Amino acid sequence: MIGLKTLQRSKTLKYGVPMLMLVVGGSFGLREFTQIRYDAQKIKKRLDPSLEAKVNPQKQSIILEEEYQKLKEKNLDEWKNIRGPRPWEDSREYQEQQRQKLSKAS
């Protein structure tokens with residue numbers, strides 16, 4: 001049989017087992033701490049109705065109906081596609097040019 005002195009001199013028992021226990025125990029400990037963190041965030045966080053509708057499919061149909069009613073009220077036949085300014089263009093100058101073109105066309 002292996003004697004007690006042999007076990008005490010074994011590097012595996014002296015360094016390997018404590019290291020293995022630290023790694024395995026640490027992973028369980030971290031899991032518990034992160035679970036507490038996520039539970040606390042879930043309690044703090046409340047969704048606004050539009051985001052909640054995206055998550056909850058039952059409320060999503062209600063939101064879609066509201067959006068459809070908004071689009072129904074708008075007159076989509078008389079809109080004009082106006083290009084916005086490019087990054088290198090001055091937006092105020094470009095807006096003035098667009099206003100002048102619209103006033104000439106009318």
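UniProt, in an unreviewed entry, lists residues 12-30 as "transmembrane region". The model discussed here is predicted.

Student: What makes up the span 12-30 in the model, helix or strand?

Tutor: The span is 100% helix and 0% strand. Its end C-alpha atoms lie 25 Å apart. The label itself comes from the UniProt record, and such annotations may be inferred rather than shown by experiment.

Student: How many helices and strands does the chain have?
Tutor: Five helices and zero strands. Read along the sequence, the pattern is α-α-α-α-α.

Student: Why is glutamine 98 called buried?
Tutor: Buried means under 20% relative accessible area. Glutamine 98 has 16%, so it is buried. It sits in helix H5, residues 91-105. Leaving out residues up to four places away in sequence, glutamine 98 touches Ile82 and Arg83.

Student: What share of the chain counts as buried?
Tutor: Of the 106 residues, 3%. The chain exposes about 10,700 Å², and carbon and sulfur atoms supply 59% of that area.

Student: Which residues make the nonpolar surface patch of about 600 Å²?
Tutor: Met19, Leu20, Leu22, Val23, Val24 and Phe28. A patch residue needs over 30% relative accessible area. Valine 24, at 38%, therefore passes that cut-off.

Student: How do you know that glutamate 67 forms a salt bridge with lysine 70?
Tutor: The rule asks for a Lys or Arg side-chain nitrogen within 4 Å of an Asp or Glu carboxyl oxygen. Here the closest N and O atoms are 3.5 Å apart, so the pair qualifies. Both residues lie in helix H4, residues 57-73, three residues apart, about one turn of the helix. Glutamate 67 is partly exposed at 39%, and lysine 70 at 47%.

Student: What makes arginine 99 and glutamate 96 about one helical turn apart?
Tutor: They are three residues apart in helix H5, which means a separation of about one helical turn. Glutamate 96 is partly exposed, at 42%.

Student: How many salt bridges does the structure hold?
Tutor: Three. One of them joins glutamate 32 and arginine 31, at 3.3 Å between the closest N and O atoms. Glutamate 32 has 44% relative accessibility, so it counts as partly exposed. Arginine 31, at 48%, also counts as partly exposed.

How values were computed: Residues numbered from 1 in each chain as written. Predicted model: local features only at pLDDT ≥ 70, side-chain atom pairs only at ≥ 80, totals over all residues. Heavy atoms only, no water. Helix = DSSP H or I, 4+ residues; strand = E, 2+ residues; numbered from the N terminus. Buried < 20%, exposed > 50% of the residue type's maximum accessible area, 1.4 Å probe, protein only. Contact = heavy atoms within 4.5 Å. Areas by Shrake-Rupley, 256 points an atom, 1.4 Å probe, with all protein chains shown as cover. Patch = residues over 30% accessible without salt bridge, like charges linked within 9 Å, V, L, I, M, F, W, Y side chains within 5 Å.
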